Protein chains: 2
Amino acid sequence: MKNTYLILFLLTFGLFQAQSIQSPSKEITLDFSLANGKPTYAVTYKGNPIVKSSTLGIKLKDNAALDSNFTIENTSTASVNDSWKPVLGEQSEIANVYNQLTVSLTQSKTNRKMNIVFKVFDEGVAFRYEFPKQPGLNYFIISDELTQFNLTGNHKTFWLPGDFDSQEYSYTESKISEIDTDKIDLNNGIAVKHIAGKYIVQTPLMMKTSNNLYINIFEAAVVNYPVMQLDVDIKNFAFTSHLVPGPLGDKAYLQAPCDSPWRTIMVSDDARDIVASKMILNLNEPCKLDDTSWIKPMKYVGVWWEMHVGKSTWDYAGSQNAQNNQTGELIASGKHGATTENTKRYIDFAAKHGFDGVLVEGWNNGWEDWFNNWKEDVFDFVTPYPDFDVKAVTDYAKSKNVKMIMHHETSGSVGNYERWMDRAFAHTVKYGYPAIKSGYVGRIIPRGEFHDGQAMVRHFNYAARRAADFKLMINSHESSHPTGYHRTYPNYIAAEAARGTEFNAWSIGNPPMHETILPFTRLLGGPMDYTPGIFEIKMSAYDPNKKEQIHTTLAKQLALYVTMYSPLQMAADLPENYEKYSDAFQFIKDVAVDWDESRYLEAEPGDYLTVVRKTKGKNTWFLGAVTDENARKTSIALDFLPKGQKFRAVIYEDAPDADWQKNPKAYKIRKVEVTSKSKINLSLAPGGGTAISFVPIQ
Amino acid sequence: MKNTYLILFLLTFGLFQAQSIQSPSKEITLDFSLANGKPTYAVTYKGNPIVKSSTLGIKLKDNAALDSNFTIENTSTASVNDSWKPVLGEQSEIANVYNQLTVSLTQSKTNRKMNIVFKVFDEGVAFRYEFPKQPGLNYFIISDELTQFNLTGNHKTFWLPGDFDSQEYSYTESKISEIDTDKIDLNNGIAVKHIAGKYIVQTPLMMKTSNNLYINIFEAAVVNYPVMQLDVDIKNFAFTSHLVPGPLGDKAYLQAPCDSPWRTIMVSDDARDIVASKMILNLNEPCKLDDTSWIKPMKYVGVWWEMHVGKSTWDYAGSQNAQNNQTGELIASGKHGATTENTKRYIDFAAKHGFDGVLVEGWNNGWEDWFNNWKEDVFDFVTPYPDFDVKAVTDYAKSKNVKMIMHHETSGSVGNYERWMDRAFAHTVKYGYPAIKSGYVGRIIPRGEFHDGQAMVRHFNYAARRAADFKLMINSHESSHPTGYHRTYPNYIAAEAARGTEFNAWSIGNPPMHETILPFTRLLGGPMDYTPGIFEIKMSAYDPNKKEQIHTTLAKQLALYVTMYSPLQMAADLPENYEKYSDAFQFIKDVAVDWDESRYLEAEPGDYLTVVRKTKGKNTWFLGAVTDENARKTSIALDFLPKGQKFRAVIYEDAPDADWQKNPKAYKIRKVEVTSKSKINLSLAPGGGTAISFVPIQ
């Protein structure tokens, strides 16, 4: 009662104004307040405070901040309950259900207007700043965003260090109070790093409270704005938005009318709600393409892993630094991977095993002198090496009904790529390639830009839009993290933007828990080209001196095709390795990449994940279960299967003695007949997994 | 004798090594020395010291400077005497005659190699740094260039303030000791300025010594390097190279093998030697285009000056800031210049009077909201305003045998232009336009770059090369200053890159001496699109409240077609103004723009210039004479005319009472019969000029 009096008192004097809305489930409450003209918000979940009163606002360059002296001009609410159909996805239809509160603010004296719009879904809260068209605010420069996430305790977090150029780190599991980027091992294989500070972390930031609530802070629809990282107050457990700067230290250049990206806070007492959430997609604009018939899911193999394991080289001359060759001549090393002949071998393999596509990296001039040199005129994207005949490869692939995936490494020289883009895309179309894999390994040019700044976010999105003009799909590597723009441009079919499988081949690698965290973080923003499917797990198979290995069992590699959602999936290992384990390989051949339905059966970030999915348009189902470094036993009820129908389940699982370190390739395959009433006991080895296919018995 | 002993002594101990070469005329001597491992040079002319011992060297980022601890590895000399034919030019053949000294240096301890190459022409000295391919120097970043120009006295200079974004200043005439950019009036109409410091000036820097020697410091072949400005030591009369930085403060990103641009020091006791010199062109690479048949000189009119004088507007909506229109709708102002109808009027005029082309500015979307906003997605270069029908205009122009000039204002948003460039050029080709005028009015995007930094120099040159792929000619405005690259890509037909005629329409304007300096400075680097030919000299003709006027007489406007060399010349005034003075207009119709031969008859920087040129492939001659604010009488011997042939000379001159301020439009035209033995007395009014055509009498 005391508080009520206080609020009444403040309202009477106009100092304090408050508004609340709840999620459709009424489990989440969002409170907006204006105290002494300063906007703040707070979030509770089932009565528990999740975000304590936190500031909202924007600092401007050359202009007073939009953070105080506000009055509420108007508030309005809305309730939305609709659905839409993604072109490709984890489910064929996505429900979009939320309550909305729009607070229209006017700043006294300056008379500038800013709206804050809140959407409260059952999985969490989203809000953004909107800058209406107005005389007092036309072009403006954001020098800082003042959004606070003032948490209630010293939660467990899975964090990546704040880095303006890379997200390719392993997650550190620690309390908020223990966050410190100085503690990160930087000898981790990342080519280009720019650690932003001691107490800065990236989003999505996955957390767990001591009373078992799961909280996730992220963002959606980052289209014309830098990536948001988070300043951490390790004593007060408060995070504040830290936008990635441009070369002049400015954060974002905008013109009203415009909006900030959405800031999202997901919360649940069931971790599955977060991993299954489509909130990020719902916060993005609907598809802007009229014709999406050319956007197709794709399983592919490629001339790629053989370079990572050292069997062949990306470049013709066998070195990635031409300086090693003082004559400047391009002399064939004999180890070049992207030859016409080798590519035909992959095309044959793809055709034989029913893969849609073949990727070839290292086909074009430039690889002989590019790496780590901040070189501007580096690749031209249309000139093949002398041993790669684009037309011959294209013709051969067509004859085998296999699609080629074009590869464009930019080396971070983005100005150069944009200058070549139309020619490169036209070249891709000319040879009938339906998709492009792009790469950004290198410091960015224009110099002074970071991978995660506004200019680069704009570039990645521009590349997707421009590719759509050419009806090309894009899979970007080393891009800024996706935040759902593939809803708007579904030809942006996948991205990397996290630590992928490749790091296992030549660095300290990815710990077994890595794949149990990514679905709670990176994958919320969009599909990841994680390149699973490595069967030859230890690099000593290629070179007895090598100590590196994938931190996995073979069975877990199969499970990843289901747990790591992407409509573009690579079978990354070498054809000869798949041929050695053709029974296990059958799962990769069978597994779908586009789905009608997905059910997360078990989920605990950093520990385990089990998901089952129904193939789009077919009554076949695929289950994937992964664990971290700990063995795990569980029993799965098959009540997701249609009732009254018998299915043949093929279970690809760790052998009893399997272990990611000691015995990673020990797997077994068993076939059982099941119905929706059956249960299957799963037994996952340390670092292991299980993959199951369900096919109806006719 | 003492010096000889000293040199011998030093040579013995390896501390001092020296080399000299002379110009073919032997009037200029270049001395190179290595004193204690530090390279220096000095220049004398007819025995007079011009440049005293001055340092040479390069500072590197992340690496020891290349300025000391050198030993001479090798020296070599060469003599060159050849010639070449420019595609377009002041003369049909250019002699290239010089002596060369190459000093190959090795730095002790680091073992890095750098060559300094000197070329000594009869008009002056040029040198550059060469970085050979070598193990110890591959990619490198230049943080400063240490080239010194240590002059011998307090010379008179014509200087522009050091500014990283603009050269559009009037020249200040002062002693070196009086240079101070704080003294410049910055209320001068320049939209984007970045004054670099109190004691920094631009090149070309034209000087005159107290003993009447003319000295000019400039640069040639700036292709992949920033523009060089000059730090001024006003007490010691020494200049040091000041390279325009990029966003990180770095100056140039290079990879060996590569060269710096040429640094040039012209010197003569006859100012005509400098204004006539082709040294800058000779220092550039020969033409790289196999087919140049499509590169044609051009005289043009255009929908342009009428916007400057306020008769019409660039943009459809009559404002250059859409914010003025809160609805965001594009509402026709009724004053839009680039309409189909108005353009047809100019096409008719061009056809009637024999002009090759018509320029139209403001035809495309974007003008309604662009100016001074640092806006990235500003123009698209392919979408016309509703009242401009590209196809109808094109068809009409074709029917009249008139070529259209495409206009691309970039607003400095260069990333945007490069993203659109292929589409924009293809659009230009599709409609049959042979040439593009590009503009860069605005702060550069990528942000942090300046108009004169390496990235922008690269852009301007890239645009020329890419335009050549489409067989398009380029005329860039607000670009970095040309340094002869049009020899290599002659489709880079002209540039602005200095204060043009337009400033007279709406600012304090250009003083009468302006056009007597530009041939000694800006024009050394390449043709300038100065847009002369303004007959309606006072802006009060358009608006009685206006005080602005062109600082010229009408006759001088005619003379500029000869004194300001360009193969692309605009008749800038409105058709209706030319019709009012059709007898004077006849000279603009007659004058050639491409030449077999040019003779500078009289020249004094800041005071006057008289030049006569022979039309390419024709026995007609055109003379132009201009003066500064002072009246001038002179007599010209016509011995340049072929002997034994009679010519009809039409003399367009200032009337006796003409005066640029009080009576600028007073001119008279007289016709006389002349031979090579004749003389013509010229009488130039204050701020005036004379133009003469010579046509053989059959």
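**Salt bridges, a parallel sheet and the overall form**

B:Glu653 has a relative accessibility of 3% and counts as buried; the term buried stands for under 20% relative accessible area, exposed for over 50%, and partly exposed for values in between, with a 1.4 Å probe and protein chains only. The structure is a predicted model, in which local features need pLDDT of at least 70 and side-chain atom pairs count only at pLDDT 80 or more, while totals for chains, interfaces and linings use all residues. Residues are numbered from 1 along each chain as its sequence is written, chains are lettered from A and ligands numbered from 1 in the order in which they are written, and side-chain values use heavy atoms, with hydrogens and water left out.

The partner of B:Glu653 is B:Arg670, and their side chains meet in a salt bridge with 2.5 Å from N to O. A salt bridge here is a side-chain nitrogen of Lys or Arg within 4 Å of a carboxyl oxygen of Asp or Glu. B:Arg670 belongs to strand S34 (residues 667-674) and B:Glu653 to strand S33 (residues 647-654) of chain B, so the pair ties together parts that are 17 residues apart in sequence. Helices (H or I, at least four residues) and strands (E, at least two) are DSSP runs, numbered from the N terminus. B:Arg670 is partly exposed, at 29% relative accessibility.

B:Lys616 and B:Asp594 form a salt bridge whose closest N and O atoms are 3.1 Å apart. B:Lys616 is partly exposed at 27% relative accessible area, whereas B:Asp594 is buried at 10%.

Over all chains, a search of the whole structure finds 82 salt bridges. One of them links B:Asp422 with A:Arg423, with 3.6 Å between the closest N and O atoms. This pair joins two chains, because B:Asp422 lies in helix H7 (residues 414-430) of chain B and A:Arg423 in helix H7 (residues 414-430) of chain A. B:Asp422 is buried, at 9% relative accessibility. A network of salt bridges links A:Glu376, A:Asp377, A:Arg419, B:Glu418 and B:Arg458.

Chain B also holds an open sheet of 7 strands with parallel pairing, in the order S27-S26-S25-S24-S23-S22-S28. Its edge strands, S27 (492-495) and S28 (568-570), each pair on one side only; two strands pair if DSSP finds at least two bridges between them. From one strand to the next, the twist averages 25°. Strand S22 (residues 298-303) of chain B runs parallel to S28(B) and is joined to it by 3 bridges, and B:Lys299 stands opposite B:Gln569 in S28(B).

Turning to the whole of chain A, there are 15 helices and 36 strands. Its radius of gyration, taken over C-alpha atoms, is 26 Å. This agrees with the value near 26 Å for a compact globule of 698 residues, by a rule of 2.2 Å times the number of residues to the power 0.38. Along the principal axes, the C-alpha atoms of chain A fill a box of roughly 80 × 65 × 50 Å. Of the 698 residues in chain A, 64% are buried.

Note on methods. Axes fitted to C-alpha atoms, helices over the stretch in contact; angles between N-to-C directions.
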